[in-house]
Amino acid sequence: MARSSRPPLGDALLSVATGLAALALYLPTVATGVLEGDPGEFQLAAAIGGLAHPTGYPLYLSLGWLWAQVAPAASPAHALNLLSALFAAAAVGLTCRLVLELGKDAPWWAAWPAGTAAGLTLAASATFWSQSIVAEVYTLHALLLAGLALATLKLAQRPDRWWVIGLIAGLGLAHHRMT
């Protein structure tokens with residue numbers, strides 16, 4: 001079936017709904033205080049506008065500092081934990097969208113359950129969930145990688161948008177060496 005057989009906004013709405021469902025899972029379990037180890041280091045570094053251990057994670061800590069200034073949280077530590085949950089939920093939503101795009105010729109009754117299952121499987125996996133409720137760099141990395149994969153897939157449809165891949169890859173490199 002052609003892509004036109006699916007409602008035009010359906011894929012986007014489903015991706016947002018999947019991300020919001022993930023956020024609903026994470027919010028009750030987000031850590032509220034200062035943590036030990038790397039999460040504690042990230043909480044402190046973001047709160048004071050500093051850098052963490054090498055590579056310093058400048059993108060994460062810059063976004064964290066900005067978020068800590070405006071977040072409706074009890075403390076900067078809690079704000080950074082919430083930011084990880086937001087990044088994770090966005091990564092889940094983009095993962096759903098990526099699967100929907102991969103199955104762009106499938107009818108809605110096949111594509112939508114597949115996209116939802118992919119996103120929620122990522123959301124509920126023990127390792128991803130554990131990193132989604134504390135101040136850690138991995139959820140932003142997952143978001144950037146999902147965005148990079150989706151942008152690369154969409155490039156075939158819009159070759160004039162190659163710069164989007166460069167932008168996301170550059171942000172990824174400013175964030176984590178695994179990019």
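## Basis of the model

Helices (H or I, at least four residues) and strands (E, at least two) are DSSP runs, numbered from the N terminus. This is a predicted model, in which local features need pLDDT of at least 70, side-chain atom pairs count only at pLDDT 80 or more, and totals for chains, interfaces and linings use all residues. Residues are numbered from 1 along each chain as its sequence is written, and side-chain values use heavy atoms, with hydrogens and water left out.

Helix H2 covers residues 37-48, 12 residues in total. From first C-alpha to last it reaches 17 Å, close to the 16 Å expected at 1.5 Å a residue. That expected span is 1.5 Å times one less than the number of residues. Buried (under 20% relative accessible area; exposed is over 50%, partly exposed in between; 1.4 Å probe, protein chains only) describes Pro39, Gly40, Phe42, Gln43, Ala45 and Ala46 of H2. Their cover includes helix H3 (58-70) and helix H4 (76-102), where contact means heavy atoms within 4.5 Å.

Gly49 follows H2 and has a positive phi, near 75 degrees. The loop between H2 and H3 holds Thr55. A cis peptide bond joins Pro54 to Thr55, with omega about 15 degrees. Tyr57 lies in the loop between H2 and H3 too. Its phi is also positive, near 50 degrees, in a residue other than glycine. Tyr57 counts as buried because its relative accessibility is 8%.

## Arg6 and its surroundings

Arg6 sits in the segment before helix H1 (10-26). Its relative accessible area is 4%, so Arg6 is buried. Not counting residues up to four places away in sequence, Arg6 touches Asp11, Leu100, Gly103, Lys104, Ala106, Pro107, Trp108, Ala111 and Trp112.

Two backbone oxygens meet the Arg6 side chain in polar contacts. A polar contact is a pair of N or O atoms within 3.5 Å; within protein, one must be able to donate a hydrogen and the other to accept it, and residues adjacent in sequence count only if both atoms are side-chain atoms. The oxygen of Ala106 is at 2.9 Å. That of Leu100 lies 3.1 Å from a polar atom of the side chain.

## Salt bridges

Side chains of opposite charge can pair when their charged atoms come close. The structure holds six salt bridges, each a side-chain nitrogen of Lys or Arg within 4 Å of a carboxyl oxygen of Asp or Glu. Asp11 pairs with Arg6, the closest N and O atoms being 2.6 Å apart. Both partners, Asp11 and Arg6, are buried.

Lys154 and Glu101 meet at 3.6 Å, N to O. This pair links distant parts of the chain: Lys154 is in helix H7 (residues 138-155) and Glu101 in helix H4, 53 residues apart. Lys154 is partly exposed at 29%, whereas Glu101 is buried at 3%. Asp160 and Arg161 form another salt bridge, at 4.0 Å. Asp160 is partly exposed at 45%, as is Arg161 at 37%. Shared partners join Arg6, Asp11, Arg97, Glu101 and Lys154 into one salt-bridge network.

## A nonpolar surface patch

Trp162, Trp163, Leu167 and Leu171 form a nonpolar patch on the surface, with about 450 Å² of accessible area together. Patches take residues with over 30% relative accessible area and no salt bridge, joining like charges within 9 Å and nonpolar side chains (Val, Leu, Ile, Met, Phe, Trp, Tyr) within 5 Å. Areas come from the Shrake-Rupley method with a 1.4 Å probe; for residues, only the protein chains shown count as cover. Trp162 is in helix H8 (residues 162-173). At 58% relative accessibility, Trp162 is exposed.
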